[in-house]
Amino acid sequence: MRARQSEIERRGSRIFELVDKHPEPLFSKAGFYQRLMALSMRDERFKVQLFRFVDVLPSLRHSREIIEHLNEYFSDDGFGPFVGTGVHLARIVPWMSGPILRWNVSGMAHQFIAGKNPDDVIKTLRKRRSQKIGFTVDLLGEAVVSEADADEYAARYLDLLEKLAGETKNWTDPLDKNSELFPVVNLSVKISALYSQINPADPADAIAHLAPKLQPLLRRAREVGAFINFDMESYAHKNTTLELFKTIFTDEEFRDWPYAGIVIQAYLRDSEADLRDLIEWGRKRGTRFAVRLVKGAYWDYETTKSLQNGWDCPVYFQKPESDANFETLTRLLLKNESIVTAAFGSHNIRSIAHAQAFADELGLDPSRFEFQLLYGMAGPIKRALVEMGYRVREYCPVGELLPGMAYLVRRLLENTSNEGFLRAKFAENVSAKELLRDPRDLIKPAVAGIGDPGGIASSDGKNSTSLDIAPADVYRNSPLVNFAYKDSQEKMQGALREVRKRFGEKYPLVIGGEKIWTDQLTPSVNPSAPDEIVGYGSEAGIPEAERAVRAAREAFGKWSRTPFEERARLLERAADILERRRYELSAVEVFEVGKPWNEADGDIREAIDFCRFYAQQMRRLGRPRLTQRVPGEDSYHHYWPRGVAFVIAPWNFPIAILCGMASAGVVTGNTVIMKPSEQSIVCGAMLMQIYEEAGVPSGVLNFLSGHGSVIGAHLVDHKDVDMIAFTGSREVGLKIWESAGITRPGQRELKRVICEMGGKNAMIVDSDADVGEAVGYSIYSAFGFQGQKCSALSRLILLQDNYDRVMERLIPAAASLRIGNPEEPGIMVGPVIDEAAYRRILDYVEVGKSEATLAYQAKDVPPQGYFIPPTIFTDVKPNMRIAREEIFGPVLSVLKVRDLDEAIEVANGTDYALTGGFFSRSPANIERVKAQLEAGNVYINRSCTGAIVGRHPFGGFKMSGSGTKAGGEDYLLQFLIPRVVTENTTRHGFAPEETPEYRDEFLPPQQ
């Protein structure tokens, strides 16, 4: 090992010597660009603002817009005289400074983007050929949101291949040795650009769509002697990419073709297992293939996404861990050189020297592998490697400035990263000895935190971004199931099979701990196949409702005096059972209410979070707390439960909302009668089973299924029901609100009503918005779960400046959606809940046709089941019914407005105020919308659905609700009566010196 380290140091030192013979700064473009990059490396805040400005600039069409954004991003005096002076001058002469700024940012982009089109890039490739540097070309483009986008990409790839092959047909390999392993033409392909509906849960569907698009490209590459490389992108697409690669190149047509490669990312924890699997596959296939080994370019995205979703992070947290793994994989590749051709993609001289040293140790000829480096970076390292006799290939992106921004920002991040090798060598002049150290010696011990975030917590934020670990008192949500994993897919498929076997089972009422069967049964049907009965619920009538009230009232005395800790533990036991049964419960939701996999799992996750979050909150509220420290007086604020709570839940979040309202009632010491929707009786019965298993005492939680018009109305009016928690339609909610306000004979309390109703939710797209991002999130918000969320997007408000740009991508995106039975993984649009909803939504579509313009309606929907085609109307005016009334289905109205003033006025101009969204890259406009948009939940640059317990307390006002926030810190207060107990502690002028902040609960003595 020491001998290898010595050899690495020797070779690394030689590379450094050659690099230093032709020194150049990290940023080869001098002046403006170099000064900005130097400042961004000193000031993290400036770096963030700079990269955001760079990102938005290409979408700004007028000098005035450019200067406005420049001022918004950089008006802070804290950025120093260079920036301050520039901003001041730009304001004085905007007509001149706008084009100059655009020109300078274009210059930044051109450092990293080899050309804007195939003809342009050929000039660059000719220059590199004279320097004995090869190429692999990649297409840059906007995010693919539709199959039209994907088809355009496929055509561009084919065109690029043709032009590269034609222009380079007389070119030869620079080394002229083992050249049969390295075709001159090398094209890199991103699979996400070729299919807009890739879903990690359904790799088979992705492969079925991608293989036919790739085959013409591969056939042509074979004919012209070119090489095709499958790029690797985010972790969500990794398994699909690997499976696609193996499927295509196991097929008889391409089984014996060696000019295909794939990327392995060393920052992934499972990369070694993937590489070993590929090598084993390659040996069985019997034909050579290639692997480009890279560190990975999506570290910030992967860590952020994992922390948001509560997943184990797929990437190493510390850069030295990635570097060490890169060396492990390097050795694995070189040991298997007989079947796999290695390309080492790194600018790290230590990593490069290690590959050279180990290849020499194995006796491999240097011409049998190559080094790949990015265009526009590390020029001296490329020259040094060429001079040493190694094959060098440059990764050359091709594309216009606007779609190239995401790539440009990634390169800027890489160049300015605190731990980036190029910054260390070319900007900070770190010594060669330090840069050539074994990365294993630099790995720091892990510390306590989420998963294993030791690298984050102990690296002083040096991994190109810093991730703050939440304080101990902040609730940590349950993780979502990650359907990118095959194990998760198989568990879900197994659960669907098992639940299907239980179709037709009957479920009893549960009153006072007893199972009650009635003569009348309510069937719950599968909306994807209405002839299938998921289960039957016993139908409660007035006698059962009365019995439930008596049971709840009798149980209240003891339960209300049960210590809050015991009540909290009950919820936590229920959460554990929900966790254990989450695949089964998700499968029930798929069948009973037509939820797609990810939506069903999200619902179960929310139920788990409600239980654990409310348990945590009850511990916060449960102990009496001192109001003020006053000598001679103790005054403690505490809470009593209200009494009997009647919970009425909807079918669209059949376990989460029912669980949330019922759990809040139970943990606060109330007794609860819970009634699920008639369309989701089985889900309600499942929740009752869970609480029974968790040990809920008899009468504390009672389960009634039946018709709302019968038992619902009776219980709302009942004198012994003290509070009602309702989530559902505006029509029913207002009736409950009105009825509960009437004091009945014998009623002891003024009834508290929690009323969560619907929405007519709007999203505004600003003139500078990222159109691909806005379209993608809008499509999901409007059509995810068939638009059957109270938070779903119903009105898309577009400024006239970007109306055409958005619409030309919105319609094809809607046309690309996967519609079908949600039993299948990857389906986004399933059936609406029942025949009544089906007919009501179709009636609204007819209204829309009479009022506005039908811009799009899907044609290919399943013939069986309650499937409504996704529908988009344009030329919609604010006063039209389809713009004012809640439709609760996959129908989207698009409204065109003059400017942001009108957009906000239109967004706020309905009876509802539930959710709202805004897409913009203007800091000033974002702040304005945050302050002015009338919605209980305002979302910026993301979907307007998917609230997470604790993180996004959910609920609206106006006709959307009574202002409560489910999943928020104040929600439990709705179920409680506040009380203050004051005692004069002075006796003959003497008072205790200390008064505790908290005291034990006010509980009666044990009998």
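This is a predicted model: local features need pLDDT of at least 70, side-chain atom pairs count only at pLDDT 80 or more; totals for chains, interfaces and linings use all residues.

Reader: How many bridges join strand E15 to E30?

Author: Strands of a sheet pair through backbone hydrogen bonds, either parallel or antiparallel. Here, strand E15 (residues 633-641) and E30 run antiparallel, joined by nine bridges. Two strands pair if DSSP finds at least two bridges between them. Helices (H or I, at least four residues) and strands (E, at least two) are DSSP runs, numbered from the N terminus.

Residues are numbered from 1 along each chain as its sequence is written, and side-chain values use heavy atoms, leaving out hydrogens and water.

Reader: What order do the strands have in the open sheet of three strands?

Author: The order is E14-E15-E30, with antiparallel pairing. Strand E14 (625-626) and strand E30 (976-984) are the edge strands; each pairs on one side only.

Reader: Why is strand E21 largely enclosed by the rest of the structure?

Author: Five of the five residues of strand E21 (residues 761-765) are buried, so the rest of the structure largely encloses it. Buried means under 20% relative accessible area (1.4 Å probe, protein chains only).

Reader: Which way do the residues of E21 point?

Author: In a regular strand the side chains alternate between the two faces of the sheet. Asn 761, Met 763 and Val 765 point one way from E21; Ala 762 and Ile 764 point the other way.

Reader: Which residue in E22 is the bridge partner of Ala 762?

Author: Arg 795. E21 and strand E22 (residues 793-799) run parallel, joined by five bridges.

Key: Buried means under 20% relative accessible area, exposed over 50%, partly exposed in between (1.4 Å probe, protein chains only).
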